[in-house]
Amino acid sequence: MLAVKKLIRALGRIAREREIWPVALLLFAVVVPAVCLVWFTAAAMRNERLAARQKVSEAYLGQLIQAQARWDRAWEELQLNVMRAAASNPPATAFAKIVLSSNASSVILFDEKQRMVYPDKPAPPVAKSFSDAEASQLEHVAKDYAGAADRYHALGLAADDADVAARAFQAEARCLAKAGRKDAAIRVVEEVLGQDRFLGAADPQGRLIVANAELFALELGAGDLIARRLKERLLDYRLSVMAAPQRLFLMRELKALRPEIDFPTFAAEALAAEVSEQRLPMQAIMERIPVTDIWHCASWCGRALIIVRSDHFAALIRAAAGNGILALPPPVDDLGSVTYPLGSHFPGWRLALPVWKEPQSNTTTIYLWTVLLVLVSVAVLTWLALRVVRRQMALARLKNDLVATASHELKTPLSSMRLLVETLLDAKNLDEQSTREYLQLIARENARLSRLTEKFLAFSRLEREKNVLQVKRVPVRPIIDAAVRGRGIEVQTAPDLPEIMADPDALAAALTNLVENACKYSEHSDLIVVRGAARNGSVVLSVEDRGVGLEPREVKKIFEPFYQVDQTLSRKGGGCGLGLSIVDSIVKAHGGKVTVESQPGRGSTFSIILPKAT
Ligand code: ADP
């Protein structure tokens, strides 16, 4: 607590000493309203945005309610489609119809006893035997594939039953391929098995022989004709012999062999095969299969399980809802949208219209620009005001200091003079020698008084008319001579010293100040040297003494007006702390600078560096 108080007091003192208060108050007076303005504007903008959002939300909600009604109709239509297709077609055809027209991702169909009828299983094995010992012996034991092929061919021709004949020709094609006669094998598939008679021929496992044989031929390198035939066969859902697993298998194989071939029902077949194994419940509500994006619900007629994938279902809803309305599956955490439930049959699903895209209103833009403009102008005006205030404060301080120092400094010589004059007047019978001594003392005080007055005048003139200099091209030596005149000080100048652009009187006054200081602050004025030299395109005028010297921390301060390191020392020599600030002002007005090198007790060198005349 005590430390805090001390800190506050110390800060207050620093602020008072440095005259920070007016500046701080001005800043406060500007910053507080500016912050309030920003705060008010932000609040106004927030309200504006909220109001706009409210308005948009209401409008959007209306749109969403209408969209929900549209979706209800679309869903009803889908259900009716499913019902009609399931009621009036064999299962495979119903499957294709529903998938191709109703837009469900897939469907699983049931009969009236709730037995799954699609995806179906192959027909149960038939007891039609097909085995021929001789052909089998030739193929598997003797490895006489050509012989076996001939034998199978003969068997095929002889058989009355289409299934048996088809199996014989299929075996023939197999043996021909084994014998290396691929073309002959492909021909058997294309020409013999391609006959209408074998259209529905099935093997004992219930698989369609021709379709398998065609895939075999394609693997041997058969051409587009067989690929086309197989594709048509796979998409012909009236062909009841082909069961769903065989169809899906052949579709997958054919796609692998011929990637360009596309089956519009392939994805639905694959999905149905995947889902049919899970024995899903037949419920009216759309439900997700855990950890998948697959949803399912029963059709109204109870004969189908409708299956949709999330993105597919969302696309369906989007298409029905229109107007850029989105469908979001649960969990919906999109706070930037206005949402509305899709319906009680689709728990968690919501229709949504994003509001974050709302264009920035004109009012907001105007607010923003106004605030920016106001802040920028406030900043610029504050900066200008601060400059003016600081200048005025510096000037006021200077005036105060000037008055205080002037009256203080003038008091000493004036009172000594009064004392001397009074002594003179009071003295009776004063001899000439004493009178002269008194008068000499008065004259010295007078000279000191004149010097002081001159300095005050010079300083205040310089402060008033900073840039009024009579600059011309001048040689350096006469300026140095003027500064050292009558003091018997050593001068060293380079012979070819370049000329400089300067006001000779002002510069001589500045140099005189340095010389006077050198004399004032050293005991042996015969050790003082004034030099003039050229260095790096500049002319350097330096005054070197072997006097008291300066501490490094003092060097920075001695150019400030009224600053004196040691007042008794200064005053003895008639100083008032203005000499160096006058020098600094004059040199700066010439575009130059003053430097100091000094060591306490060893002396100082003050240098005026000026650019040479061009
Ligand atoms: P003053 O009139 O008091 O000499 P100046 O502005 O000329 O004021 O100098 C400021 C202070 O710098 C002086 O008080 C003195 O302490 C110091 N100073 C100036 N010149 C020298 C010097 N040649 N050697 C040592 N100190 C100096």
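The paragraphs below go through several parts of a predicted model, one after another.

The first stop is near the start of the chain. Helix 1 spans residues 2-17, and Ile8 is part of this helix. Is Ile8 buried or exposed? Its relative accessible area is 54%, and since the cut-off for exposed is over 50%, Ile8 counts as exposed. Val371 lies 363 residues away from Ile8 in sequence, and the C-alpha atoms of the two are 35 Å apart in space.

Next comes a pair of helices. Helix 8 covers residues 209-220 and helix 9 covers residues 224-235. The two pack with their axes 10 Å apart, at an angle of about 145 degrees. Their crossing is left-handed. Which residues meet here? From helix 8 come Val210, Ala211, Glu214, Leu215, Ala217 and Leu218, while helix 9 brings Ile226, Ala227, Arg229, Leu230 and Arg233. Sorted by class, this contact holds eight nonpolar residues, three charged residues and no polar ones.

Further along is a sheet. Strands of a sheet pair through backbone hydrogen bonds, and the pairing may be parallel or antiparallel. This sheet is open and has three strands in the order 6-8-7, with antiparallel pairing. Strand 6 (326-328) and strand 7 (337-341) are the edge strands, each pairing on one side only. On average, neighbouring strands of the sheet are turned by 35 degrees against each other, with direction ignored. Strand 8, made of residues 350-354, pairs with strand 7 over five bridges in the antiparallel sense. Within this part of the sheet, Tyr340 has Leu351 of strand 8 as its bridge partner. Helix 2, which runs over residues 21-88, packs on the sheet and touches strand 7 and strand 8. The direction of helix 2 makes about 35 degrees with that of strand 7.

The last stop is helix 15, residues 477-484, in which Ile479, Ile480, Ala483 and Val484 are buried. Where do these residues sit around the axis of helix 15? They cover an arc of only 125 degrees, so they are on the same side of the helix. In general, an α-helix has 3.6 residues a turn, so residues three or four places apart point the same way. The buried residues of helix 15 pack against helix 16 (504-520) and against several strands, namely strand 9 (472-474), strand 10 (490-493), strand 11 (500-502), strand 12 (529-535) and strand 13 (538-544). Just after helix 15, Gly486 has a positive phi of about 75 degrees.

Key
Residues numbered from 1 in each chain as written. Predicted model: local features only at pLDDT ≥ 70, side-chain atom pairs only at ≥ 80, totals over all residues. Heavy atoms only, no water. Axes fitted to C-alpha atoms, helices over the stretch in contact; angles between N-to-C directions. Helix = DSSP H or I, 4+ residues; strand = E, 2+ residues; numbered from the N terminus. Left-handed = near helix turned anticlockwise from the far one by under 90°. Contact = heavy atoms within 4.5 Å. Nonpolar A, V, L, I, M, F, W, Y, C, P; charged D, E, K, R; others polar. Pairing = 2+ DSSP bridges. Buried < 20%, exposed > 50% of the residue type's maximum accessible area, 1.4 Å probe, protein only. Arc of directions from axis to C-beta.
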